[in-house]
Amino acid sequence: MRVLVISTTGNSLAELLRPCAGGLDVRPLLHVLNGGRIDADLVVLHTHAPIRELAALATLPPPRPPVLVVAHAVVPGDVVPILRSGARSLLVEGQYTRADLLDAARATADGQSRLSPLPMSIVVDHVQHRAADRTPAWQHQPLTRREHEIMELIAAGEPNAAIAARLDLAEKTVRNRVSQIYLKLRVNNRTEAIVQWLSRTERRSG
């Protein structure tokens with residue numbers, strides 16, 4: 001796995017990531033922006049300003065690898081905007097171990113999501129408040145049987161490739177179905193979809 005660490009604070013984080021990286025590059029954000037296209041399987045953004053730096057990365061031409069944000073600190077109001085700005089996973093300094101970091105890097109590169117405890121709590125609160133404020137999206141646009149199967153596997157942490165193999169579908173078909181699920185659930189990414197799906201399951205079982 002080729003990993004690009006974007007950081008201005010040295011190579012300490014990169015050294016922690018070395019066991020999961022076949023190729024490892026560390027560059028400041030300005031150098032990345034000046035270089036154009038990113039040639040990596042995963043971007044690890046080590047930052048004090050994730051929303052601003054994610055917006056800068058979004059200006060680069062595709063393909064855009066998945067982004068694991070490692071934030072020095074976050075305020076609660078920034079967590080959902082960080083995810084909406086393109087972060088697939090979000091860890092916060094002081095809230096993860098080296099094993100957590102390596103797991104998050106591998107999972108993010110594979111299309112999954114990982115969140116530190118504080119961001120996860122905030123995402124859950126956000127979804128629950130949205131659900132309390134309106135009729136749940138799935139009551140307006142119920143998922144098809146196939147979409148239901150795919151969403152169950154997403155909630156179990158399966159990446160698209162594994163879902164495709166499990167259901168005997170093309171991976172492109174799974175990606176298209178996942179996009180439709182996001183529209184129906186009115187979410188922006190995998191993490192929000194999982195949290196909403198799990199909260200739906202809890203309400204049904206309750």
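Two strands pair if DSSP finds at least two bridges between them. Keep that in mind for this tour of a predicted model.

**Stop 1: colour by confidence.** The protein has a mean pLDDT of 85. Of its residues, 89% reach 70 or more. Where is confidence highest? Select strand E4, residues 67–71, with a mean of 96.

**Stop 2: strand E3.** Select residues 42–47. This strand is mostly covered, with six of its six residues buried. Now show the side chains. Leu42, Val44 and His46 point one way from E3. Val43, Leu45 and Thr47 point the other way. Residues on both sides of E3 are buried.

**Stop 3: the neighbours of E3.** Find Val3, which stands opposite Leu42 in E3. Next, bring back E4. Five bridges join E3 to E4, and these two strands also run parallel. Pick Thr47, then look across to its bridge partner in E4, Ala71.

**Stop 4: the crossover.** Which helix belongs with E3 and E4 in a β-α-β unit? Select H3, residues 50–57. The unit made by E3, H3 and E4 is right-handed.

Stop 5: Select residues 134–140, where pLDDT stays under 50. The model has 13 contacts beyond four places in sequence for this stretch. Helix H7, residues 137–140, has the lowest confidence in the protein, at a mean of 46.

Methods. Residues numbered from 1 in each chain as written. Predicted model: local features only at pLDDT ≥ 70, side-chain atom pairs only at ≥ 80, totals over all residues. Heavy atoms only, no water. pLDDT = per-residue confidence, 0-100. Helix = DSSP H or I, 4+ residues; strand = E, 2+ residues; numbered from the N terminus. Contact = heavy atoms within 4.5 Å. Buried < 20%, exposed > 50% of the residue type's maximum accessible area, 1.4 Å probe, protein only. Right-handed = clockwise from strand over helix to strand, strands pointing away.
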